[in-house]
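Good morning, and thank you for coming.

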Amino acid sequence: MIKSIQHFEEVGIRNLEKEVEKFLKNPKDMASFVYGIQDNIIKLGLDIIKETLESCDETLRNSGKRKKDWQIVKKDEKTLITSLGKVCFEKTLFKNKVTGERGYLLDRILGIEGHERLTEDAEAKMLEESVETSYRKAGQAISISEIVSKQTVKNKIHSLEFQNEYKDLPNKKKVKYLYIDADEDHISLQFRERKGDLVKNDNHVKNNCIITKIVYVYEGIEKEGPKSKRNRLINPYYFCGTYSGEDNSKLWDEVYDYIRCNYDIDSIEKIYLNGDGGGWIKAGKRRLAGLTYVLDEFHLSKYMIRATSHLLDSAEEARQEMYKTMRSGTKREFEKVIEKILKVTDGEATIKRVKESKEYILSNWSAVKVRLEEKEGIVGCSAEGHVSHVLSSRMSSRPMGWSRMGVDKMAHLRAYYYNGGDMLELVRKQRRQTKAAGAEENDIISCEEVLRSEKNKRNELGKYMESISHSVSADVRKYAWFNAHIWGL
């Protein structure tokens, strides 16, 4: 191993010297010089990764502890795509002498499945790109020199599992007011249940939309800077997904768990829920006791305009009267204002709009009054902007079709991303969950014992481990050299 690394270093230095000589002959060609340096460094890193993995496999082949229970069957070639590039190396297939089980023990050390082609860092790169652009671009961004298909990216996204397991903070935050905004986006599906099952209604509109919900909790708003006119949320936390039916209760339970684990509930005077009056949002008020529901100003203004836009020069006067009645009047007084508007309204469609606006406002009467009373602690609702920023910008602002699974997974991934989640840690969680599901504790022994048994023979390896590329992730090195486990070894 040490000789091989020295060889790589010597070859790498010679190649770098050649690039420098080429540059000195033509200093104007800076781009070629930079690319040449980059290519040589990448090649050197991939060579070191290959040599390290094969050395680890050789350690297993020579291990006395391994020989007690496993026998060598053959050597095979394995290809892994890392964020640095493609690594091809040899690994050994072993057979258990007692059970007859066959397996690549190196794969178990690395924590990868036998069919796995991507390392953790490559998957993390893929998720970082897919959450912002497209599956195709994610497949291209997975590695410096390699690409994978958009179908591969899709399969990885669909296999993600998100578990919101909040831990009680020892020092919970104490705030006077807490805010919850809720809204939804309508995402286009490729099909509802199977390909070709979308149909058009009488208005020639397809039934291809699925509702994707967004809820976020925050502590208030503040200016982005001393001279800025823009506001930003204080410590927002997002929840996104296609919760429907009974799953709607699951969504609000997650919101409650987050609040309970992060905030001192006894110190909170009011929790305001801002929304557009949707049934699933009102269900949150019933699910989380003590919420004060507030209608968001966007929808309030929208329905007031719908009720008065046909009045032309009198429209503003009518709206002012509606505002005054909603702020300090009764439902009956508001109905009288609407009746006055209907008397000067012509056309069936226009009359229908006025009546719909009336029903919307009356059905959210208490939430409307809370919004207009301007009590202490009331802030504007930014749900429309967050729907656009968090969901629509990736999922519905451009023509695209999703599967039901894809919509839900991407919505969760977007929430994870905007909550500051680390994609590498998400990938590692998936693999830990897979191992936990298939592990048999009675069949596990420490790989450290196997590798330490060769310590005297291979003592020189240690000082080179830190130089190995990040393409062999921290977890891989951990499993391979310190705390890894081989099942049944």
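**A helix pair and its surroundings**

In helix 5, Glu123, Met126, Leu127 and Ser130 meet Val153, Lys156 and Ile157 of helix 7. Contact here means heavy atoms within 4.5 Å. Sorted by type, the residues of this contact are four nonpolar, one polar and two charged. In that sorting, Ala, Val, Leu, Ile, Met, Phe, Trp, Tyr, Cys and Pro count as nonpolar, Asp, Glu, Lys and Arg as charged, and the others, Gly among them, as polar.

Before I continue, a word on the source: this is a predicted model, in which local features need pLDDT of at least 70 and side-chain atom pairs count only at pLDDT 80 or more, while totals for chains, interfaces and linings use all residues. Residues are numbered from 1 along each chain as its sequence is written, and side-chain values use heavy atoms, with hydrogens and water left out.

How do the axes of helix 5 and helix 7 cross? The axes of helix 5 (residues 120-130) and helix 7 (residues 150-158) come within 11 Å and cross at roughly 90°. The axes are lines fitted to C-alpha atoms over the stretch in contact, with angles from 0 to 180 degrees between N-to-C directions. The two helices are therefore roughly perpendicular, a term for angles of 65 to 115 degrees.

Helix 7 has Thr152, Val153, Lys156, Ile157 and His158 as its buried residues. Buried means under 20% relative accessible area, exposed over 50%, and partly exposed in between, with a 1.4 Å probe and protein chains only. The cover over these residues includes helix 5, helix 6 (135-141) and helix 16 (404-418).

The largest nonpolar core has 47 residues, and Ile180, Met322, Met326 and Ile361 have the most contacts inside it. Such a core is a set of buried Ala, Val, Leu, Ile, Met, Phe, Trp, Tyr and Cys residues joined through side-chain atoms within 4.5 Å. Helix 8 (residues 247-262) gives the most to this core, with six residues. Beyond its neighbours within four places in sequence, Ile180 is in contact with residues including Trp252, Val255 and Ile259. A second, separate core of 45 residues includes Ile142, Tyr216, Met395 and Ala411.

Finally, the whole protein. Of its 489 residues, 46% are buried. There are 19 helices and twelve strands, taken as DSSP runs numbered from the N terminus (H or I, at least four residues, for helices; E, at least two, for strands).

Note on methods
Parallel < 35°, antiparallel > 145°, perpendicular 65-115°, else oblique.
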